Amino acid sequence: MRLILLLTLGLGGALALSVAFGETTLSAGQYLDAFVRPGSPAAEILFGIRAPRTCCAAMAGAALGLAGAVMQGLLRNPLAEPGVLGVSAWSGSAAALAIVLGLGAAPGALEGAALGGALAAGAAVALLAARFREPETLILFGVALAALGGATTALIFNLSPSPITLAEVLAWLQGSVANRDWSDLAWAVAPIALGTALCAYAGAGLRMLALGDETAALSGLPMARLRVAAVAGAALLTGASVAMAGVIGFVGLAAPHLVRGAVSDDPARTLAPSAIAGAILLTLADLLARVIPSETELRLGVVTALFGAPLFALVAWRAARSWRA
Amino acid sequence: MTAALELRGLSVRRGARTILSDISFSVAPGELLGIVGPNGAGKTTLLRAALGLQALSAGEVRLGGRPLPSIGERERAAMAGYLPQERRVAWNMPARDIAALGAAALAPRRSLAIAEACLAELEVGALARRGVFDMSGGERARVLLARLLATHAQLLVADEPAAGLDPEAQLLILERLRRRADDGAAVIVTSHDLTLAARACDRLAVLQDGRLRALAPPREALSPRVLAEVFALDGALIESTAGLTLAAGRAAERGAG
């Protein structure tokens, strides 16, 4: 409980920083203006541009952090992340297809495609998860699904007629929460809420899975249902995050590891702190993307990968300890 | 008295291979049954089939007098607890959290209290807050057994609970399972240590190539003939000051010598 409180305070700080700072530097007077005069340019920057963008980053980060924790618990693997079962790849591929087909400008089309792609992959994995209990089998199917999703994206690049469209797809795939408004957030609330509920329901099953499939199967919990809930929840969360912010790596991998030690490695108690940690990570990454001086704004996926890759190595280093045990 | 577990004509096939063939026996409350047999005889498959983890090709399993398929997941968990041979734990959870999973249906405070009592029973109470990755193999085996004891089920099934442990730990584990049987539970263990099994168990079921070769009190079940034909051992169970002891050597080697 103290951890949740601490992380929530941290998230509050990260959100405040992210709204306060950006490309445009504001004076003390302008900050004051923003609060007392709702129509002022400063208010527009803070609450019309930065606040929705910040919320978007926080929500996508929370979704990824939670989905990552669920995947690691389900697959009993510290290196699992939301993309491991191919959900992100399919989501990205479907969104790329939507852009190439010229649907990018239609309201909700891109988001719908990203979510649809994630759900298609999620449904395939959920069917497999109900049938096959071994995590290794699921991971192998996931690798195949991810490869197929990646190949479809490559095919779209291959066949795409216009370099401008290609640039658009590439930029989108690299992840960003720039130019988001409140309506972009509103539609994502439902899939994220549903995904969160499914993951919370699966929590007790993830804890029991720490002792292996057979112990879990005889624990009295409805494991087949919990497994499907975990996959479906993670797919919804991943799909919603891809739809909101593009394909973003490392947050889903790193967030659970940052909090795991503080909850005695309990896979169920890792869930909520992972979500908050993911929100903090992506909010700060987006802030970095804006304030690092560069010709064009850095893409969010680039920033998380640049900072996430060394963290990934650290995680592997620590995981090696458990494999030796 | 209703048997805690009853197997009737149980057979298991995997593809064309027959793993278990026409096994029938029952275990009464208060009984400690040992299942012994060479590697590949079907011991683990028998336990898994008896608990519904393995599909049957023929036969029936009854738990507490009722057909297993008619018992729901939650009820089955209350009736039977299982300790698999595999001792891998995915995360570095503390001992008491792991033992508490045996009583997960109860309120957290109550299940933790039961977990700590069971850890103390297995003399690892001092490790309650230590993570399993930071324990020796023997300590981890006891923590996992504490999880089984915490279920307080009427049927406790443990696959090789003492394998790989030092002699004192092996005796402790069998003693504690014996105590659960004396308290009224039906307990089934598998073991490769015939001396240990003979001393602790009321009856031994000897499996050979998926068939029940003998089912009797230890001295009868492990007769010189069974030892020779099933285990390729030349010798006998003898009564020593510490209890039954296996005095035997490899049959083939002696024959050659």
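Guide: The questions below concern a predicted model.

Visitor: How are helix 2 of chain A and helix 3 of chain A oriented to each other?

Guide: Two packed helices are described by the angle between their axes and the distance between the axes. Helix 2 (residues 28-36) of chain A packs against helix 3 (residues 41-75) of chain A with axes 7 Å apart and an angle of about 75 degrees. Angles of 65 to 115 degrees count as roughly perpendicular. The two helices of chain A, helix 2 and helix 3, are therefore roughly perpendicular.

Visitor: Which residues in helix 3 of chain A meet helix 2 of chain A?

Guide: Helix 2 of chain A brings Gln30(A), Tyr31(A), Asp33(A) and Ala34(A) to this contact. The residues of the contact divide into five nonpolar, one polar and one charged. On the side of helix 3 of chain A, the residues are Ala42(A), Ala43(A) and Leu46(A).

Visitor: Which helix of chain A gives the most to the side that touches chain B?

Guide: The contact between the chains takes 19 residues from chain A and 25 residues from chain B. On the side of chain A, helix 8 (182-209) and helix 9 (213-217) each supply at least two residues. With three residues, the one that gives the most is helix 9 of chain A.

Visitor: What is the radius of gyration of chain B?

Guide: The C-alpha trace of chain B spans about 60 × 40 × 35 Å along its principal axes. For 257 residues, a compact globule would have a radius of gyration near 18 Å. Chain B agrees with this, its value being 19 Å.

How values were computed: Residues are numbered from 1 along each chain as its sequence is written. Chains are lettered from A and ligands numbered from 1 in the order in which they are written. This is a predicted model: local features need pLDDT of at least 70, side-chain atom pairs count only at pLDDT 80 or more; totals for chains, interfaces and linings use all residues. Axes are lines fitted to C-alpha atoms, for helices over the stretch in contact, and angles run from 0 to 180 degrees between N-to-C directions. Helices (H or I, at least four residues) and strands (E, at least two) are DSSP runs, numbered from the N terminus. Angles under 35 degrees count as roughly parallel, over 145 as roughly antiparallel, 65 to 115 as roughly perpendicular and the rest as oblique. Two residues are in contact if their C-beta atoms, placed from the backbone, lie within 7 Å. Ala, Val, Leu, Ile, Met, Phe, Trp, Tyr, Cys and Pro count as nonpolar, Asp, Glu, Lys and Arg as charged, and the others, Gly among them, as polar. The radius of gyration is taken over C-alpha atoms; the globule rule is 2.2 Å times the number of residues to the power 0.38.
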